[in-house]
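Keep the sequence and the 3D view open as you read.

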Protein chains: 2
Amino acid sequence: MYIALDAMGGDNAPRSNVEGAVLFAREYGIGVYLVGDKDILEKELKRTGAKNLPIEIIHAEEIIEMDEPPSTAVRRKRKSSMYLAGRLVREGRAQAFVSAGNTGAAMAISKFVVGAAEGIERPGIAVAFPTKKGKPTVLIDVGANVDCRPMHLVYFAVMGHTYVKEILKSSESPKVGILSIGEEEGKGNDLVKDTYPLLKMTGLNFVGNAEGRDIFTGDFDVIVCDGFVGNIVLKTSESLGSIIVEMIKQEVEKSIISKIGAALMLPALKRFKKKADYAEYGGAPLLGTKGTCIITHGSADAKAIKNALKVASQFEETHFNDKLKENLESLLPKELRE
Amino acid sequence: MYIALDAMGGDNAPRSNVEGAVLFAREYGIGVYLVGDKDILEKELKRTGAKNLPIEIIHAEEIIEMDEPPSTAVRRKRKSSMYLAGRLVREGRAQAFVSAGNTGAAMAISKFVVGAAEGIERPGIAVAFPTKKGKPTVLIDVGANVDCRPMHLVYFAVMGHTYVKEILKSSESPKVGILSIGEEEGKGNDLVKDTYPLLKMTGLNFVGNAEGRDIFTGDFDVIVCDGFVGNIVLKTSESLGSIIVEMIKQEVEKSIISKIGAALMLPALKRFKKKADYAEYGGAPLLGTKGTCIITHGSADAKAIKNALKVASQFEETHFNDKLKENLESLLPKELRE
C-alpha cells in the first residue's frame, strides 16, 4: 500500500508533513509518496535522520495556495503537489490521498481528479464532531455538494453509517438523523421533507430529525445534511470554539488571581482540547471516492499528519469501498438504488 | 404605552416574569399587561410587594407548553396566555408582545396573530450574537421562514440594518453580508447566488458573502440567511457553547488543583458569560410585524425579562416600524419594492 501525501499543503508544510510521514512509515511500515518540491523535501527528509523507510519523493513544481479558488487547482495548476498526489491515486500507483492544504481545492481534486467510486454520484465529506457522550457524531456532507437532491442525502446516510461502523467503530447500529429545525416529521425545508420518507424506507437505523443542538449531544451517530448547511455548521462551530477560548483568555488576563487560576487549570484545559479536537479522528474523509481521500486541518502538526495517514490506511485495510458497496446493496431497497 | 407579557411562558414563569415586569414598570414607568392565570398572578404580584405600578393582569386560562407544536398555539389554544398577549397587540390595546415561552409558538403567534407590518411579506427573527470585537453581529432569519425567496433575504437585510442602527446602535453604516460557503461572489447555493446581485442593487453597505466563521468575528453587523440555515446555526451555537463549558467542567472535576484554579477564575468566567449571553440584548425580536414582538430565552430570569421589556419599549420609542418603512423606501431601488 502507498499513500500519496500532498507534502506542500498546510500551514506547517512541508516540515510537519515530512515529519508526520516519517512517524507514520516508521510505526506502520506503510509506504508514503511525499509529493512536492524535490530539493526542499530531500532536505527536510534528511533533517529527520530517517533511513530505510518506504518513503518516496515525487516532484511537483507548483503549490496550491490557501486562498486560491478550487477551480484553479483542477484546471490550471496541474503540476501542483495536490493535483499530482490526487493523480497518483487515479492512476492506481497510490491507494489513498491525504492533504492538509486548501480544503476547497482538496475537495475539488478528490471529486474531479481521484473521482467518484462506482455507483456513487456525489461523494460527501464527513466530519466527526466530539460529543458530550465521548463518542463522535458524524456530520455529512460538510461542503462537497452545495445543492443536493434527496437521493444524495440517502447515499450520505449509508456512507456515514459505514464510516461509523468500519472506521470509527463507535456504534454497531449507527443512529442516523437528518438535520432540520424541529423534531417532528414534517418539520424542515423541502429537501428534508422529501428525504425523510426515503430514509424511512432504508434498512438504516433512522431515528428522524436532528436539530442543531443534537450535533454535540452524542444522541446521533450520523447526521446528514446538504453541503451548504453542513459547511456553515462546521465553520460556525470551529470559529465559536476558538472564540470562546479567546474571550475567556481576555477576561482571565484582567486579573492576576484569574491568571493563577488559569495556570492551575492548564492540564484540564489541555485534556479538554484533546477531546474536542476533531484532528484526533485524523481529519475529514471524502466518502464515496475511488480511492481514499482524507482532508485534514490546515494547522495540522506532525502528529495530526501521522493520524491522517493512519486513518487513510485503515480505510484501505478495512476495504471501506467494498463495505460501502455491500451496504448500499443491503440497506437500500431496490427502488432507491440507481 | 403598554407591553403585553406572556406571564406563563418560560422555565421560570410565572415568578420571574412577574418580578421582571415589576422591575421594569418601577424603573421606566411603562405599562405592562401580565397575561395568564389571574389567581396565580395576583398572588405572585402581591409577593413582590409592588404597589401603584402600571401593571394590569389579563386573565388567560390556558398555557402553551414548551413542547407543543406551534400550530396548536395558533389554531387550538386560543385562550392561552401567549395567544391573548398577541391579540392585545393586534387589537391595538398593547404596542408590544414579549414571550419567554415555546419559541416556535411565539413565532407563529407573532406572524399569524400579531401579523406582518404593512408592505412586509415575511417577518424575520433576528438574533444578536456576541463577537470578538465586542459589538454584536445580527443574524436574520433564525427560524421564522423555512423556505425563502431572494426578495425575502433582501428585506431581512433592511430589517437587520434598521435594527443595528436604531436599537443596538452599534454601527452608523451597518456592514451587511449574506451567509454562504466561500468569500467570492458566485459561491453558495442557488438562493445565495440569486440574492447576491439584488443586494448589490440596494443602498445598503453590502460587503458580500459571509462564512460560518464570520458570525463571531465582528466583521459584519448583519448577516442574512434563510430561516432553516439560521435556526440550525443558532441551535448549534447555543449547544456548543454550553457543551464546551460542561466538558471543561468535567475535566476540571478530575483534580483538586484544577478545582482551585477554576474557583480563582470564577469572576473572569462570569464576566465572559455575561458578554457571551445574547439575553443581554433582550432576546430576539421578530422584525417586520405590526407591533413589536420579542421572543426571549426560555431560561429567562427576572433581569432577562426586564431587559426584554425594555428592548420592546425601545422599539416603540424609536418608532422602529416607521424607520423600517423609510429605509425600505430609501435603500431599495424602485424595481425591488413590492
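How many salt bridges does the structure hold over all chains? The count is 32. The model is predicted. Side chains of opposite charge can pair when their charged atoms come close.

**Salt bridge A:Glu91 and A:Arg87**

- The side chains of A:Glu91 and A:Arg87 form a salt bridge, at 3.3 Å from N to O.
- A:Glu91 has a relative accessible area of 45%, so it counts as partly exposed.
- A:Arg87 is also partly exposed, because its relative accessible area is 36%.

**Salt bridge A:Lys325 and A:Glu118**

- In the salt bridge of A:Lys325 with A:Glu118, the closest N and O atoms are 4.0 Å apart.
- This pair links distant parts of chain A, as 207 residues separate the partners.
- A:Lys325 sits in helix α11, residues 320-331.
- A:Glu118 lies in the loop between α5 (103-114) and β5 (124-129).
- A:Lys325 is partly exposed, with a relative accessibility of 40%.
- A:Glu118 reaches 65% relative accessibility. The cut-off for exposed is over 50%, so A:Glu118 counts as exposed.

**Salt bridge A:Arg213 and A:Glu211**

- A:Arg213 and A:Glu211 form a salt bridge, and their closest N and O atoms are 3.4 Å apart.
- Is A:Glu211 buried or exposed? A:Glu211 is buried, with a relative accessible area of 6%. The cut-off for buried is under 20%.
- A:Arg213 is partly exposed, at a relative accessible area of 37%.

**A salt-bridge network**

- Shared partners join salt bridges of A:Arg15, A:Glu19, A:Glu44 and A:Arg47 into one network.

**How the chains relate**

Conventions: Residues numbered from 1 in each chain as written. Chains lettered and ligands numbered in written order. Predicted model: local features only at pLDDT ≥ 70, side-chain atom pairs only at ≥ 80, totals over all residues. Heavy atoms only, no water. Buried < 20%, exposed > 50% of the residue type's maximum accessible area, 1.4 Å probe, protein only. Helix = DSSP H or I, 4+ residues; strand = E, 2+ residues; numbered from the N terminus.
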